[in-house]
Amino acid sequence: MKHYLPLIAVASVALLSACNKNDEPEVVGGPADPMAAQLANAAPVELPPSVKANKQFRCKDNSLIFVDYMSDDKTALLRTEKGGTATSLKAAEAGQPFTAEGGYEVKGSGDDVTIAIPGKGAQACHV
C-alpha cells in the first residue's frame, strides 16, 4: 500500500502536465472603449473644495453664527442655526470678503470677523 501512493501521485502529475500545451498566451479582453477619443480630449476635472475649518462665532447681539471655510480660500458656507441650511458665500480672490446675494457678507477668516446677515446688518463676531 505504501508503494501505490507515490505512483498515483506521479501519474496524476504526469497527466496534468500534458494539459494545455499551447505555447501562445491567452489574451483576455473586451472590445475597445467607444469613448476613448472623447476621454482623451476631455478637459481636466476640478474637484470641489473640502472643508478647511469649521468655526462657531458669537456675535455682538449674542447670536451664534456657524461658518465653514473651504480649502480653495474663496468659498465659505454660513448657517444661522447649527443644523440649518447653509448659504454659500464666494470671494473674488483669496483674502477678500465672502459675499452672497441678499446681503450676506463675512469679512475675515480668523477668530474675529464681521458678519452681515439680511435683517440684522453687520456686526462684530468672535470665536
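Asn62 sits in the loop that runs between strand 1 (51–59) and strand 2 (64–70); strands here are DSSP E runs of at least two residues, just as helices are H or I runs of at least four, all numbered from the N terminus. The model is a predicted one, with local features needing pLDDT of at least 70 and side-chain atom pairs counting only at pLDDT 80 or more, while totals for chains, interfaces and linings use all residues. Residues are numbered from 1 along each chain as its sequence is written, and side-chain values use heavy atoms, with hydrogens and water left out.

Asn62 has a positive phi of about 70°, even though it is not a glycine. Its relative accessible area is 55%, so Asn62 is exposed, on a scale where buried means under 20% relative accessible area, exposed means over 50%, and partly exposed falls in between (1.4 Å probe, protein chains only).

Asp73 also turns up with a positive phi, here of about 60°, and is likewise not a glycine. This residue belongs to the loop between strand 2 and strand 3. With a relative accessibility of 32%, Asp73 counts as partly exposed.

Next comes Thr75, placed in strand 3 (residues 75–79). What does the Thr75 side chain pair up with in a polar contact? The partner is the side chain of Asp72, at 2.9 Å; a polar contact is a pair of N or O atoms within 3.5 Å where, within protein, one must be able to donate a hydrogen and the other to accept it, and residues adjacent in sequence count only if both atoms are side-chain atoms. Leaving aside residues up to four places away in sequence, Thr75 touches Asp68, Tyr69, Met70, Ser88, Leu89, Lys90 and Phe98, where contact means heavy atoms within 4.5 Å.

The bond connects Cys59 with Cys125, at an S to S distance of 2.0 Å. Cys59 is in strand 1 and Cys125 in strand 8 (residues 121–126), so the pair, 66 residues apart, links distant parts of the chain. The Cys59–Cys125 link is right-handed, with 95° about the S-S bond. Are the two cysteines buried or exposed? Cys59 counts as buried at 5% relative accessibility, and Cys125 counts as buried at 3%.

Technical notes:
A disulfide is a pair of cysteine sulfur atoms within 2.5 Å.
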